[in-house]
Amino acid sequence: MPLHLHPPACLQAETVSCTEEDGVLTVAFAARCAGSEPPYLILQRALQPGEDDAPYLELSDQVRSAYGHVTAVHLAPTGLRIDLDLQGARRLGATCVQLRLQSQGERYPLLAKSIRRIFEGVPLSCE
């Protein structure tokens, strides 16, 4: 089977939310898009890990989702990059997910804490 390289998925996140509900930590990013469904990225992880504990990623549609398959994460005040393995790239249709973030100001520490928890066990750099 030939190797199909997917391009990176790039998103300008207009809104960011971090929530804990029903034992699940969720970080959601959404962009604005006139006239259609806005692109989004949802990241989730159970607060009480079970046997199948892994970060969940969903990129604009449940069809483009995966548990795990993350090889590295880099978070900065201006952006987030999530690198995927080959299976993750196939499931999400992208080799990596790159988000540009608007200034989070006082909310950045909560975002950074949430990203660290969701990607616990994955190589992560955080500015």
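Let's start with a charged pair: aspartate 53 and arginine 45 form a salt bridge, with their closest N and O atoms 2.7 Å apart.

How many salt bridges does a search of the whole structure find? The count comes to three. Another of them joins the side chains of aspartate 83 and arginine 81, again with 2.7 Å from N to O. Here aspartate 83 is partly exposed, with a relative accessible area of 22%, and arginine 81 is partly exposed too, at 34%. Then there is the bridge from arginine 117 to glutamate 120, where the closest N and O atoms are 3.8 Å apart. That still counts, because the cut-off for a salt bridge is 4 Å. Arginine 117 has 18% relative accessibility and is classed as buried, because the limit for buried is under 20%.

Now for the aromatic side chains. The structure holds one aromatic pair. Its rings belong to tyrosine 56 and tyrosine 67; their centres are 4.8 Å apart and their planes meet at 45°, so the pair is tilted. Where do the two tyrosines lie? Tyrosine 56 is in strand E5 (residues 56–59) and tyrosine 67 in strand E6 (residues 65–67), so the pair ties together parts that are eleven residues apart in sequence. Is tyrosine 56 buried or exposed? With a relative accessible area of 11%, tyrosine 56 is buried, whereas tyrosine 67 is exposed at 55%.

Step back and take in the whole chain. It has two helices and ten strands, and from the N terminus the order reads β-β-β-β-β-β-β-β-α-β-α-β. The radius of gyration is 14 Å, close to the 14 Å that the globule rule gives for 127 residues, so the chain is as compact as a globular protein of that length. If you want the dimensions, the C-alpha trace spans about 45 × 40 × 30 Å along its principal axes.

What about the inside and the outside? Buried residues account for 37% of the 127 residues. The chain exposes about 7400 Å², and carbon and sulfur atoms supply 52% of that area. As for who touches whom, take the contacts with a separation of 6 or more: 47% of them are between residues 24 or more positions apart.

A couple of backbone spots deserve a look. Most residues other than glycine have a negative phi. Aspartate 22, however, has a positive phi near 50°. You'll find aspartate 22 in the loop between strand E2 (15–21) and strand E3 (24–30), where it is exposed, with a relative accessible area of 74%. Histidine 69 also has a positive phi, about 70°, without being a glycine. This histidine 69 is in the loop between E6 and E7.

Finally, how confident was the predictor? The mean pLDDT of the chain is 88, and 91% of its residues reach 70 or more. Where pLDDT is low, the predicted coordinates should not be read in detail.

Notes
Residues numbered from 1 in each chain as written. Predicted model: local features only at pLDDT ≥ 70, side-chain atom pairs only at ≥ 80, totals over all residues. Heavy atoms only, no water. Buried < 20%, exposed > 50% of the residue type's maximum accessible area, 1.4 Å probe, protein only. Phe/Tyr/Trp six-rings, centres within 6.5 Å; stacked < 30°, edge-to-face > 60°. Helix = DSSP H or I, 4+ residues; strand = E, 2+ residues; numbered from the N terminus. pLDDT = per-residue confidence, 0-100. Rg over C-alpha atoms; globule rule 2.2 N^0.38 Å. Contact = heavy atoms within 4.5 Å. Areas by Shrake-Rupley, 256 points an atom, 1.4 Å probe, with all protein chains shown as cover.
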